[in-house]
Amino acid sequence: MHHKLRILKEHIDSSFVFSLVKDNYSVDNGRQAEDPVRMFNLRQKC
(Lines give C-alpha, C1' and ligand atoms only; values in the text may rest on other atoms or scores of the structure.)
Protein backbone atom coordinates (compact mmCIF):
# COMPACT_ATOMS: atom_id res chain seq x y z
CA MET A 1 0.00 0.00 0.00
CA HIS A 2 1.32 3.44 -0.94
CA HIS A 3 1.47 6.29 1.50
CA LYS A 4 -1.25 8.87 0.84
CA LEU A 5 1.27 11.69 0.40
CA ARG A 6 3.11 9.75 -2.32
CA ILE A 7 -0.19 9.15 -4.09
CA LEU A 8 -0.94 12.89 -3.97
CA LYS A 9 2.51 13.72 -5.32
CA GLU A 10 1.96 11.38 -8.27
CA HIS A 11 -1.38 12.96 -9.17
CA ILE A 12 -0.93 16.66 -8.41
CA ASP A 13 1.41 18.86 -10.42
CA SER A 14 2.33 21.79 -8.21
CA SER A 15 4.76 23.40 -10.66
CA PHE A 16 2.20 26.17 -11.24
CA VAL A 17 3.41 27.69 -7.97
CA PHE A 18 6.52 29.09 -9.69
CA SER A 19 4.44 31.28 -11.99
CA LEU A 20 2.40 32.57 -9.04
CA VAL A 21 5.38 33.65 -6.95
CA LYS A 22 7.98 34.62 -9.56
CA ASP A 23 7.63 38.36 -8.82
CA ASN A 24 8.34 37.76 -5.11
CA TYR A 25 11.68 35.99 -5.58
CA SER A 26 14.98 37.45 -6.74
CA VAL A 27 17.72 35.29 -8.18
CA ASP A 28 20.54 37.72 -7.47
CA ASN A 29 19.45 39.65 -4.38
CA GLY A 30 19.50 38.49 -0.77
CA ARG A 31 19.63 35.02 0.69
CA GLN A 32 18.58 31.90 -1.14
CA ALA A 33 14.91 31.24 -0.44
CA GLU A 34 13.23 27.92 0.15
CA ASP A 35 11.80 26.29 -2.94
CA PRO A 36 8.27 27.72 -3.29
CA VAL A 37 6.89 24.42 -4.59
CA ARG A 38 8.29 22.64 -1.56
CA MET A 39 6.74 25.21 0.76
CA PHE A 40 3.38 24.89 -1.03
CA ASN A 41 3.48 21.10 -0.75
CA LEU A 42 4.36 21.26 2.94
CA ARG A 43 1.44 23.60 3.53
CA GLN A 44 -0.93 21.23 1.78
CA LYS A 45 0.11 18.38 4.04
CA CYS A 46 -0.69 20.22 7.27
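Helices (H or I, at least four residues) and strands (E, at least two) are DSSP runs, numbered from the N terminus. By that rule the chain has three helices and zero strands, and from the N terminus its elements run α-α-α. This is a predicted model, in which local features need pLDDT of at least 70 and side-chain atom pairs count only at pLDDT 80 or more, while totals for chains, interfaces and linings use all residues. Residues are numbered from 1 along each chain as its sequence is written, and side-chain values use heavy atoms, with hydrogens and water left out.

The predictor's confidence in each residue, pLDDT, goes from 0 to 100; the chain averages 78, and 93% of the residues score at least 70. Confidence is highest in α2, at a mean of 85, and lowest in helix α3 (residues 36-45), at 78.

Of the 46 residues of the chain, 11% count as buried, where buried means under 20% relative accessible area, exposed over 50%, and partly exposed in between (1.4 Å probe, protein chains only). Two residues of the loop between α1 and α2, S14 and I12, fall into these classes as follows.

| Residue | Relative accessible area | Class |
|---|---|---|
| S14 | 7% | buried |
| I12 | 48% | partly exposed |

Leaving aside residues up to four places away in sequence, S14 touches V37, F40 and N41, a contact being heavy atoms within 4.5 Å.

Along the principal axes, the C-alpha atoms of the chain fill a box of roughly 45 × 20 × 15 Å.
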